[in-house]
Amino acid sequence: MEYYDYLIVGSGLFGSTFAYRANKLGKKCLVIDKRSHPGGNVYCENIAGINVHKYGAHIFHTNNKNVWDFVNSIVEFNRYTNSPVANFNGKLYNLPFNMNTFYQMWGVTTPYEAEKRIEEQKKEIEAKMRKDGVTKPRNLEEQALLLVGRDIYERLIKGYTEKQWGRKCTDLPAFIIKRLPVRLVFDNNYFNDRYQGVPIGGYNKLIEGLLNGVKTMVGIDFFNCSRSYNTKEKHWNVHCPSFDIQCSNVVYTGKLDEYFNYRLGLLNYRTVRFENVVLDIANYQGNAVVNYTSYDIPYTRIIEHKHFETFGDDVYLNPQTVISREYSMEWEDGLEPYYPVNDEYNMSLAEKYKEMADQETNVIFGGRLAEYKYYDMAPIVEKVLSMSI
């Protein structure tokens, strides 16, 4: 029976980065993934010569120079800057909310005028809350109105948020949208982080670099395996249809509730359905990300993938383009879980599962699904780099 220091369940960014670090420290690792490819949700599929983000758009951004230097030591990142556009009933607005947005919304040209408009509209919800005898926003709608006023909320937040979460804004907790970026400057860069980009050649290059020299097996479902912990010899015995191994530790990146066979009940997740279309035109929307913020448009956004890696007139070198319409949905069995549902029920249940996870012997739970926590990519890498291995 072969021995490993780590069995790593899932080859997404957490699992692959962990495997890279452990391998560099001389640890023997086996990475398994139930999908037919490594990379988790950052996996790219090449279609018409374009790296298509198969599981949704991924833009790496961070203020941490160590994290930026680390990922660039694996593969060089380009200079992509995330500057999404919102489409509301055919009219376009720049995101995040900045002076370009306020000019498009109201025709104002100075920060003073924009701030005055927002403050005037915030008074409406403040008066309503005083009348109701409350001092704190009771739901996402009230929180958003307190932050940006009614015009921005109605056109650029309400419909998009309700499509994304599958719930009315009045039924969503306020903490989901504690703050919104409001910039009184003409700046369409969505992120404030110093470093930002996409791997040159796509995210598969990053995963390949992280897993270089690490044994990796795809098409292996961890839950088709039996496992037991030998308390005397302090190792796990894992028996799968494809292999039998012993390992000192398990690194688990799958669904938190699934690990415990849903013993306390099901956690809720949101998922995304993608409608990919290859078009015989070089440039469909002129931008990587366009959000559709009116509720009557069923998809939340359209991604045009070539703009993540091709800039300026170079977009015309490829006469075709690939777009993805994204439809946010409630997760159900058989679909891919994407992100947790941040409401009181799920947060409470997740805490109970996390208490159980803390009691597991020599099992590390890491990543968005295993921690039931929304992570961007850079914090995942940062967390793994700081771990004792």
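Trainee: What hand does the link of Cys225 and Cys240 have?
Mentor: Right-handed, with 110° about the S-S bond. Keep in mind that this is a predicted model, where local features need pLDDT of at least 70, side-chain atom pairs count only at pLDDT 80 or more, and totals for chains, interfaces and linings use all residues. Residues are numbered from 1 along each chain as its sequence is written, and side-chain values use heavy atoms, with hydrogens and water left out.

Trainee: How do you know that Cys225 and Cys240 form a disulfide?
Mentor: Their sulfur atoms are 1.9 Å apart, and the term asks for a pair of cysteine sulfurs within 2.5 Å, so the pair qualifies. The structure holds 1 disulfide.

Trainee: What does the link of Cys225 and Cys240 tie together?
Mentor: Cys225 sits in the loop between β9 (215-218) and β10 (226-230), and Cys240 in the loop between β11 (235-239) and β12 (244-252), so parts 15 residues apart in sequence are joined. (Strands are DSSP runs of E, at least two residues; helices are runs of H or I, at least four.)

Trainee: Are Cys225 and Cys240 buried or exposed?
Mentor: Buried means under 20% relative accessible area, exposed over 50%, and partly exposed in between, using a 1.4 Å probe on protein chains only. Cys225 comes out at 10% and Cys240 at 9%, so both count as buried. Cys44 at 2% and Cys169 at 0% are buried too.

Trainee: What makes Lys65 and Asp69 a salt bridge?
Mentor: Their closest N and O atoms are 2.7 Å apart. The term covers a side-chain nitrogen of Lys or Arg within 4 Å of a carboxyl oxygen of Asp or Glu, so this pair passes. The two residues are 4 apart in helix α2 (residues 65-74), about one helical turn. Lys65 is partly exposed at 47%, and so is Asp69 at 36%.

Trainee: Why are β7 and β17 called edge strands?
Mentor: The open sheet of 7 strands runs β7-β6-β14-β15-β16-β13-β17, with mixed pairing. β7 (91-94) and β17 (339-340) each pair on one side only.

Trainee: What makes the second largest pocket a pocket, and what lines it?
Mentor: A pocket is an open set of points on a 1 Å grid, where a 1.4 Å probe fits, with protein on both sides within 12 Å along at least five of seven lines; lining residues have an atom within 4 Å of a point. Here the lining includes Arg79, Tyr80, His307 and Phe311, and the volume is about 170 Å³. The lining divides into 4 nonpolar, 7 polar and 1 charged.

Conventions
Grid points are joined across faces, edges and corners, and a volume is the space filled by probe spheres set on the points. Ala, Val, Leu, Ile, Met, Phe, Trp, Tyr, Cys and Pro count as nonpolar, Asp, Glu, Lys and Arg as charged, and the others, Gly among them, as polar. Two strands pair if DSSP finds at least two bridges between them.
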